[in-house]
Amino acid sequence: MKSAVPKVLHPLLGRTLVGHVLAATQESLGGGAVTVVVGHGGDQVRDHLARVAPDAVPVTQAEQRGTGHAVRIALEATPDLIGTVVVLNGDIPLLRAETLAALVHTHESTKASATVLTAEVPDPTGLGRIVRNRGGEFAAIVEERDATPEQRAIREINSGAYVFEAAALREMLGKLSTDNDQGEEYLTDVIGMLAAAGAPIVAHRAPDATETLGANDRAELAGLRAIMRDRINDGWMRAGVAIIDPATTWIDVTVSLSRDAVVEPNTHLRGATSIGEGAVVGPDTSLIDVVVGEGASVVRTHAVSSEIGPDASVGPFAYLRPGTRLGRKSKIGTFVETKAASLGEGAKVPHLSYVGDAEIGEGTNIGAATVFVNYDGIKKQRSVIGAHARTGADNMFVAPVHVGDGAYTAAGSVIVKDVPPGALGVSRANQRNIEGWVERKRPGTASAAAAAAAATVDAADADSVIVFREREEDHVGPGQVAESGPPDQQ
């Protein structure tokens with residue numbers, strides 16, 4: 001992968017590669033013991049296992065000497081293991097739990113010593129072929145370098161996933177040799193030795209060849225990601241979710257959606273996100289660990305670890321940071337950022353504002369260009385705006401401050417003291433105009449020229465009024481008397 005991250009820890013729509021494999025085993029195999037053989041990047045893999053699969057037991061393969069050697073180390077770590085043993089690669093994330101369950105069922109129902117998961121692929125180049133006898137039963141696994149031209153034409157391949165009877169597996173692992181080009185112990189040799197000994201071997205074909213795909217570089221990983229995207233989206237659409245453009249919609253396997261939810265194009269839903277019935281999300285939206293209530297609308301928004309209540313409205317161009325909680329029918333509008341903020345039912349922050357570490361009561365409206373000044377240089381402070389309050393545009397609330405229920409604040413105010421319920425909070429200086437300041441302090445500038453031109457226009461307008469009145473008197477006809485009021489009204 002050309003990465004500091006071990007291959008099996010690369011992410012794929014909500015889980016790592018090995019996380020997908022572990023999820024499939026946990027879902028299909030119930031309470032079976034899980035052993036994970038780790039080598040490269042072992043410490044990172046162990047830390048990951050502790051978080052996502054704490055019951056899995058990591059076993060170290062200090063020297064990587066092949067797949068057979070890895071399985072032998074795992075069995076040595078579990079000396080009391082009996083019965084059915086499933087062996088999977090850690091980089092086959094598309095394997096479905098139902099396919100794995102069917103593989104085990106086939107193995108146990110046929111009383112096989114070993115069962116091989118196979119797949120029929122359009123291009124088997126480089127892969128081991130499954131050779132069957134005339135009766136259609138498993139005969140052998142033939143690697144491409146050893147295959148005849150007829151065998152190379154076979155499109156059924158070995159996926160690298162197996163089920164064994166534990167005692168038979170132990171016996172044959174003890175007989176493995178490193179007498180090969182790579183000097184490694186091959187697990188496929190166990191299958192060959194069992195077949196040579198006359199033990200029953202069964203081949204179980206996967207219903208979808210993509211389930212057996214792995215990834216050896218980032219290009220192949222991108223291919224797996226696209227397949228899983230399509231699989232996830234198809235499942236949700238068949239469950240009643242409207243995905244307008246599946247090709248640009250990316251949904252993690254850990255996300256949940258309700259029927260009649262609408263996902264618009266270019267939307268990314270990640271982590272523990274859940275979307276309620278009838279909610280509309282997108283376009284151009286990314287939600288990470290976000291709960292969206294039924295009937296809510298979230299447009300062109302990036303949100304993390306937040307809760308959007310039923311029938312609430314968010315966006316466009318909003319940023320909800322962790323700890324944001326929006327009540328029913330509340331609104332976060334255009335170019336609004338929130339953090340650790342809660343809005344009561346019907347509360348609104350329509351535009352151009354930052355709401356950090358704040359509580360806003362039901363029915364309250366926050367004016368445009370409002371900033372909750374929550375940081376004093378040492379620690380964050382919290383402010384509270386009561387219910388049905390109205391705050392003016394371009395307000396700053398310097399935390400901690402409390403604006404009471406039904407209170408108003410004037411536009412342009414910096415609120416540093418509590419405002420009682422029903423009061424008007426005003427904090428701004430009286431305006432004064434200094435006439436001629438630009439001409440004196442900024443002579444020769446475009447501003448000074450514009451001011452001079454405006455003064456000329458004003459003077460001309462005043463003269464035209466006088467001329468117009470004079471002409472009114474000039475137009476008094478014969479026998480007419482000009483009406484006029486008192487001198488102060490002329």
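Visitor: What should I know before starting?

Guide: This is a predicted model, in which local features need pLDDT of at least 70 and side-chain atom pairs count only at pLDDT 80 or more, while totals for chains, interfaces and linings use all residues. Residues are numbered from 1 along each chain as its sequence is written, and side-chain values use heavy atoms, with hydrogens and water left out.

Visitor: How is the packing of two helices described?

Guide: Two packed helices are described by the angle between their axes and the distance between the axes. Helices (H or I, at least four residues) and strands (E, at least two) are DSSP runs, numbered from the N terminus. Axes are lines fitted to C-alpha atoms, for helices over the stretch in contact, and angles run from 0 to 180 degrees between N-to-C directions. Here, the axes of helix α1 (residues 17-29) and helix α4 (residues 97-110) come within 8 Å and cross at roughly 55 degrees. That makes α1 oblique to α4; angles under 35 degrees count as roughly parallel, over 145 as roughly antiparallel, 65 to 115 as roughly perpendicular and the rest as oblique.

Visitor: Which residues of α1 and α4 make the contact?

Guide: Contact means heavy atoms within 4.5 Å. From α1 the contact involves A24, T25, E27, S28 and L29, and from α4 it involves A97, L100, A101 and V104. By class, six residues of this contact are nonpolar, two polar and one charged. In this scheme Ala, Val, Leu, Ile, Met, Phe, Trp, Tyr, Cys and Pro count as nonpolar, Asp, Glu, Lys and Arg as charged, and the others, Gly among them, as polar.

Visitor: At what angle do α6 and α7 pack?

Guide: Helices α6 and α7 pack at about 105 degrees, with their axes 10 Å apart. They are therefore roughly perpendicular to each other. A168, L169, M172 and L173 of α6 meet L187, V190, M193 and L194 of α7. The contact of α6 with α7 has eight nonpolar residues, no polar and no charged.

Visitor: Which residue forms a salt bridge with E144?

Guide: The partner of E144 is R129, the closest N and O atoms being 3.1 Å apart. E144 is in the loop between β8 (138-142) and α5, and R129 is in strand β7 (residues 129-132), 15 residues apart. E144 is partly exposed, with a relative accessible area of 23%, whereas R129 is buried at 2%.

Visitor: Which residues of helix α3 are buried?

Guide: In α3 (residues 67-77), the buried residues are G68, H69, A70, V71, I73, A74 and L75. They pack against β3 (35-38), β4 (57-60), β5 (84-87), α6 (166-173) and α7 (187-196).

Visitor: How might I read the surroundings of a single residue?

Guide: Consider N233, placed in helix α8 (residues 218-238). N233 counts as buried, at 1% relative accessibility. Residues up to four places away in sequence not being counted, N233 touches I243, P246, T249 and I251. Consider also A272, found in the loop between β15 (267-270) and β16 (274-275). A272 counts as exposed, at 52% relative accessibility. With neighbours within four places in sequence left aside, A272 is in contact with T254, D289 and V290.

Key. Salt bridge = Lys/Arg side-chain N within 4 Å of Asp/Glu carboxyl O. Buried < 20%, exposed > 50% of the residue type's maximum accessible area, 1.4 Å probe, protein only.
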